[in-house]
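Open the model in your viewer and keep a selection panel at hand. The tour moves from a pair of helices to an annotated domain and then to a chain contact.

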Amino acid sequence: MNSIVFLIVIPLIAAFLSLFLGKNDKILAYIVTLFNIIFSILILFSGKIPFNVAIGGWRAPYGINYAVTDLTIFFLVLVNVAALLALTSVREIMEYQFYSFYFVLLSSTNGIVLTGDLFNFFLFIELSTFAVAGLISYKRDRLSTGAALKYLILSSTASIFSLAAIGLIYKTLGTLNFADIANKVNNLNEASLSLILILYISSLLVELKIFPFNMWVVKAYEASKTSVNLFIHGMLGTAGIYGVLRILLMVFSKETGKLTLSGNLSSILMLFAFVTVIIGEIGALTEKNMKKILAFSSMAQLGIVLFGISLGSFDALKGVLYIVISNYLAKFVMFLTVNEFSKVSGSTNYLDMKGLGRRYPVLAISFTISALSLMGIPFFAGFWGKISIIGNAVFSGKLELIGAVLILIASVIEGVYYLRISHTFFSQGHEREGRISRVYCLLPMILALVILFIGINPDSFENIISILLDEIKSPEKYIKLILSLK
Amino acid sequence: MVEIFIIPLVTAFLLAIFIRNKKVVWPLFLISNLYILLKLWTLFGKWEIEKTIYTNYELFGAKLSFTLSNNPLGWYFAFFSAVITLVISVFSLGFNQKTKENVAPIWMLIIFSNLGIFFAADWITFFMMWELMGWTSFFAITNGRDKALNEAKYYLVLSLLGASSMLIGIILLGALTGSFEIFASAYGLVQVFYSEKALSIAAIMLLLFAFFIKSAIFPFYMWPSKVYAVGPEDYITFMSSVMIKYGIYPIAMFIVPVVGSLDLPKILNTANWIQYFVGYLGAISAVLGTILAIFQTDMKKLFAYSSVANMGYILLGFASMNIVGFEGALFHAVNHMVLKAAIFLTLAAVIFRTGESEMHKLGGLVYRMPITFLTFLLGIIAAAGIPPLNGFGSKWMIIQALMSQKMIIFAIAMIFASTGAFMYLFRALASIFLGQLPDRFKDIKEVPLTMLIPMIIMMIGMLLIGVVPGVVMKPLTTALRAVGYNVNIASWTSLEGALKNSTIDLTLVFLIFLGGFVISAIMYILGNKSETVPQEDNYTGGEYPEEWGVNADRFNYSYSFYQPFKEMFEPLLEKISIDEFFASIGRNFEYMSATVQGLFRRGEGAVLLFSIGVLLLILGGWII
């Protein structure tokens with residue numbers, strides 16, 4: 001399966017081509033994205049998973065390798081589907097910069113998920129940073145330029161840290177291959193591992209939108225177009241979660257598949273996590289701008305994800321995967337809804353969207369379903385995540401218990417602002433000029449139905465999750481896959 | 001069994017599709033409710049019916065399953081709430097001709113969760129239904145109107161907080177007893193209580209917290225007055241009669257059996273501390289609800305506080321831990337359902353015709369809406385607990401149980417509250433229906449037939465339960481027997497008491513009252529002929545109203561009706577302002593929100609914060 005490289009190379013070629021195609025860029029974008037989706041789905045059903053591809057024929061510890069396992073393919077499909085869904089929200093004609101950066105982002109997020117090498121991982125993260133910064137500043141006004149700069153500054157700080165960590169790893173272990181590091185990580189002494197982890201985690205947390213590292217989030221969401229929001233949320237965010245799962249749980253873990261951070265690192269992470277949740281929800285409480293609300297809310301959701309990961313139990317990890325999928329779907333529905341509604345109402349302030357839910361009930365109901373799922377209300381996908389994470393947190397210790405209580409309180413706040421918005425949609429409003437095509441209501445509806453379906457019938461998703469958990473539980477299989485002699 | 005869950009869901013979907021067509025929506029709503037009631041009727045006695053859905057979802061190493069079972073106590077609540085719902089849905093047919101918004105689909109979802117709560121056999125199902133009820137009632141209260149938003153938000157916050165606390169409680173319970181089934185966990189909790197005392201008590205308290213919120217028990221007594229004042233009237237009738245019982249049912253189902261089976265040390269040889277805890281909260285709710293009801297000027301708020309007081313009575317019945325008190329509490333739950341539905345239907349009728357819910361702006365409606373008046377009269381007689389109507393029997397049982405358990409303070413609180421009830425009930429009657437009819441209401445008519453029939457049904461219901469309490473007591477005692485309580489099946493007309501020789505025959509009581517009525521009727525007929533005078537005459541005491549500069553409209557002095565009484569209680573009420581406390585929490589969150597937004601708006605010091613984060617990671621060992 002050497003052709004796996006196409007997932008990364010073809011978007012890169014397209015990025016180059018898009019400079020010359022002008023108005024045909026949009027078609028190219030759809031073709032390339034569809035290719036990526038179809039290709040990854042073909043891999044999913046090829047029956048060859050897991051497999052490992054050594055680039056240039058150099059075997060694993062020496063060369064760069066791309067490994068495709070269950071976890072990889074899951075996130076690969078998520079990233080590519082996100083790309084397609086986000087593309088559907090591009091309505092106006094964009095210039096070549098937009099598409100060019102989009103292709104680079106597509107290529108780099110695919111790379112983040114596929115790669116089996118720490119330095120390669122770093123390169124793709126850098127590439128995605130530069131693409132995202134370009135996309136944010138695409139609007140070319142004061143706000144978006146500032147937001148892009150902010151993001152660029154923060155992520156380059158982060159990249160310095162991760163580069164230092166990579167250097168340290170190479171110095172101490174003599175390798176940068178994921179599997180090889182995982183194999184040798186037990187040889188590291190406590191102090192070096194802590195230092196490496198501190199440096200590396202602090203760079204990862206920037207992408208993960210965790211509190212002291214996330215000053216770019218709200219501005220970047222506010223300043224950019226909806227499609228770019230969706231790129232950040234669906235592609236970069238999802239790839240970032242994959243990175244955390246892979247690196248923290250499978251590469252730098254001394255025990256099999258558990259987050260066994262040395263010292264009190266995991267409790268600090270937990271602290272960050274629930275502070276992020278609280279700050280995110282509180283920030284959104286009185287906000288009027290829908291994009292900012294959604295930005296705050298995705299911070300909070302990722303806080304819950306990190307909280308679940310740092311609990312260090314597989315049950316909680318299962319909850320995390322539910323939260324990931326619920327957030328992934330829900331935010332798409334919400335951004336698409338906001339996109340449509342803001343076009344009709346002419347602003348992103350939710351108070352201006354009054355009464356739109358009566359004219360377009362499908363969109364408003366989909367929005368409500370997603371909101372309820374994010375709140376962790378039963379019959380929606382998020383509930384299965386919430387109950388699992390809370391249930392495991394209650395018995396893990398004092399800090400965990402506090403975190404669980406804070407997350408529950410945060411979900412109450414979330415309920416207040418989201419349902420207030422839903423109410424505004426359904427309340428009596430005045431007549432408006434613009435119209436929303438019924439076709440654009442279809443996609444949010446389908447995604448909301450998926451949320452509902454997972455919520456009512458968790459079996460449908462439980463089987464996928466148990467496969468993913470099996471992989472996380474036994475990193476030695478991953479090591480064996482990559483390092484075994486052929 | 002499964003049909004009664006599928007039908008509401010399908011109906012809710014259909015209602016949502018036809019939402020703009022009122023001619024379809026409300027009849028469909030009615031038919032669906034009728035079907036549910038008939039189906040519930042056939043379910044009586046078939047306690048073994050059960051439906052389990054298995055999933056692969058694992059929690060704590062065990063696969064979750066959802067079970068719905070026809071448990072007797074749940075059936076008792078579900079059946080009577082279905083009766084009330086049916087009556088209200090007949091009322092809604094007429095009531096909603098004028099309204100712009102349409103609450104029917106959401107309401108149907110609530111009815112679904114209503115049945116789910118009463119038939120859930122395990123805590124997870126119970127919790128799912130409970131949460132469903134929470135957010136759907138938010139939408140039902142606002143019903144697309146902005147003026148209701150703040151109140152609905154208050155309700156939503158309390159509801160979500162309660163659900164969160166319940167979630168932790170359930171998880172604790174599941175971990176302690178190894179089972180999410182309600183009966184099994186009750187049994188298990190009694191077993192492990194002595195070895196895991198702190199955790200068990202924590203679980204009980206967390207669950208109680210959620211139930212108290214939903215039933216508006218003392219620290220959370222504010223929401224009914226806020227919500228009922230703004231919600232759509234027909235839905236509010238459902239809420240005040242049926243939904244407020246959601247907290248009562250699980251207490252009866254789980255807390256009472258568990259606490260009753262525990263052998264806790266008794267205080268003063270009467271009762272253990274959990275009983276006292278529950279009892280005091282009940283007593284405070286009863287007294288405070290009554291006092292606050294006396295001061296209201298909005299009639300819906302008045303009866304909201306009256307509901308709080310009634311929930312207090314029910315809680316007192318549970319606190320007695322006496323079988324008569326328990327029966328009395330459950331009996332009162334149904335009595336309150338019936339009489340509160342009757343009263344709120346009349347209020348809805350008054351608002352339907354006048355558009356006014358402030359009592360001092362009304363008056364004299366007895367001339368224009370006689371049937372509504374009669375329903376209201378019977379309703380308040382029932383609410384005051386005067387014998388020939390329902391409401392008497394259950395209060396009688398609860399007070400007896402309290403006396404026999406030597407809980408004198410609670411009995412005093414209850415008697416105080418019942419007496420105080422006369423004050424606000426009479427005031428409502430006087431302000432709304434008696435006195436002078438303001439000129440602007442001269443032309444109003446009695447409500448249409450679809451709204452009259454439910455009121456007449458409620459009148460008959462109140463009288464029937466009052467005279468033949470066996471209508472409710474027989475199913476209740478049968479249900480309790482089926483659950484495993486050692487009770488005798490009640491007879492049709494008599495009520496057993498907890499004290500010696502306290503069995504009373506309510507039909508006899510009714511006949512005595514009827515005799516009194518006949519005698520006074522004879523005296524009325526034989527007495528002097530009544531004289532009709534102009535309305536201005538009866539209040540003025542010889543003065544000429546024109547000289548005071550008032551007209552007939554302004555004669556109806558029911559504003560600040562109990563001013564001296566209010567001055568008496570003012571200092572007490574100023575000190576306990578739970579509402580202000582909650583509001584200040586909300587405000588603080590909003591201030592914090594502005595701060596956080598400011599932090600992210602400017603986004604300055606991003607790198608500084610990044611460094612702080614890294615430092616925290618490094619220094620973490622010393623901090624935690």
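This is a predicted model.

**Stop 1: a helix pair in chain B.** Select helix 4 (residues 104–119) and helix 5 (residues 123–142) of chain B. Their crossing is left-handed. They pack at an angle of about 155°, and their axes lie 8 Å apart. Angles over 145 degrees count as roughly antiparallel, so helix 4 and helix 5 of chain B are roughly antiparallel to each other.

Now show side chains. On helix 4 of chain B, pick B:I106, B:W107, B:L109, B:I110, B:S113, B:N114, B:G116 and B:I117. They meet residues of helix 5 of chain B, including B:F126, B:M129, B:W130, B:M133 and B:F139. Color this contact by class: 12 residues are nonpolar, 6 are polar and none is charged.

**Stop 2: the annotated domain.** Select residues 120–418 of chain B. An unreviewed UniProt entry annotates this stretch as "domain: NADH:quinone oxidoreductase/Mrp antiporter transmembrane". Over these residues the chain is 75% helix and 1% strand.

**Stop 3: where the chains touch.** Show chains A and B together. The contact takes 52 residues from chain A and 49 residues from chain B. Which elements of chain A give two or more residues to this side? Select helix 6 (142–173), helix 8 (190–208), helix 9 (217–223), helix 11 (265–285), helix 16 (381–394), helix 17 (398–426) and helix 19 (459–473) of chain A. Center on helix 17 of chain A, which gives the most, with 10 residues. By class, the chain A side has 32 nonpolar, 14 polar and 6 charged residues.

Notes:
Residues numbered from 1 in each chain as written. Chains lettered and ligands numbered in written order. Predicted model: local features only at pLDDT ≥ 70, side-chain atom pairs only at ≥ 80, totals over all residues. Axes fitted to C-alpha atoms, helices over the stretch in contact; angles between N-to-C directions. Helix = DSSP H or I, 4+ residues; strand = E, 2+ residues; numbered from the N terminus. Parallel < 35°, antiparallel > 145°, perpendicular 65-115°, else oblique. Left-handed = near helix turned anticlockwise from the far one by under 90°. Contact = placed C-beta atoms within 7 Å. Nonpolar A, V, L, I, M, F, W, Y, C, P; charged D, E, K, R; others polar. UniProt positions renumbered as here; feature names shortened; annotations may be inferred.
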